[in-house]
Amino acid sequence: MEAFISNMEDDEKEYEVLRQEGNEAYKKKDYDEAVDCYTDAIEAAERAGEPQAAIFANRAAAYMMQNNFKKAILDCQAAIRIDDKYVKAYQRAGKCMVELGEYTRASDFYSTGLELDPKNKDLKKELNLIKYLKVRRCI
């Protein structure tokens with residue numbers, strides 16, 4: 001049992017280290033490396049029994065920078081399953097839906113995010129832009 005607890009503690013530390021490595025790669029615009037680090041961090045967090053919504057959302061951001069919006073949406077949805085109050089995941093999912101031309105679904109993500117964080121200016125701006133474009137029949 002002691003070895004099991006020690007392994008869990010190692011994995012917990014490991015996922016934080018890997019997440020930080022992913023953050024550093026992201027800052028350097030090395031999105032392939034960021035995705036790899038975040039993937040390893042997700043696996044380590046799961047081994048530790050502590051799945052992390054933020055790591056999925058971080059990997060989604062890296063996927064977005066690669067224009068891989070479908071994978072980014074899947075990660076946002078995973079983050080939301082872990083923490084359904086994680087506003088950043090709704091915001092990123094909404095942005096991906098816009099990129100894919102799925103404006104109604106984008107509005108749904110933005111609206112849910114705003115329900116959780118009514119003062120979020122970015123979400124308000126994105127949702128208002130979609131509403132404006134619909135009124136103007138641009139979308």
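Five salt bridges are counted in this predicted model. One of them joins the side chains of Arg47 and Glu14, with 3.0 Å from N to O. Arg47 sits in helix α2 and Glu14 in helix α1, so to speak two distant parts of the chain, 33 residues apart, are linked by this pair.

**Overall build**

- If you draw a box along the principal axes, the C-alpha atoms fill roughly 65 × 30 × 20 Å.

**Charge on the surface**

- Which residues gather in a patch of negative charge on the surface? They are Glu21, Asp30, Asp32, Glu33, Asp36, Asp40, Glu43 and Glu46.
- Helix α2, which covers residues 31-47, gives the largest share of this negative patch, with six residues.
- Asp30, another member of the patch, lies in the loop between α1 (2-27) and α2.

- The mean pLDDT of the protein is 91, and 91% of its residues reach 70 or more.
- Residues 1-6 are a stretch to view with care: their pLDDT is below 50.
- Beyond near neighbours in sequence, this stretch of residues 1-6 has zero contacts in the model.

Terms used
Residues are numbered from 1 along each chain as its sequence is written. This is a predicted model: local features need pLDDT of at least 70, side-chain atom pairs count only at pLDDT 80 or more; totals for chains, interfaces and linings use all residues. Side-chain values use heavy atoms; hydrogens and water are left out. pLDDT is the predictor's confidence in each residue, from 0 to 100. Contact means heavy atoms within 4.5 Å. Patches are made of residues with over 30% relative accessible area and no salt bridge: like charges are joined within 9 Å, nonpolar side chains (Val, Leu, Ile, Met, Phe, Trp, Tyr) within 5 Å. Accessible areas come from the Shrake-Rupley method with a 1.4 Å probe; for residues, only the protein chains shown count as cover. A salt bridge is a side-chain nitrogen of Lys or Arg within 4 Å of a carboxyl oxygen of Asp or Glu. Lys and Arg count as positive and Asp and Glu as negative; His and the chain ends are not counted. The place of a charge is taken as NZ of Lys, CZ of Arg, CG of Asp or CD of Glu. Helices (H or I, at least four residues) and strands (E, at least two) are DSSP runs, numbered from the N terminus.
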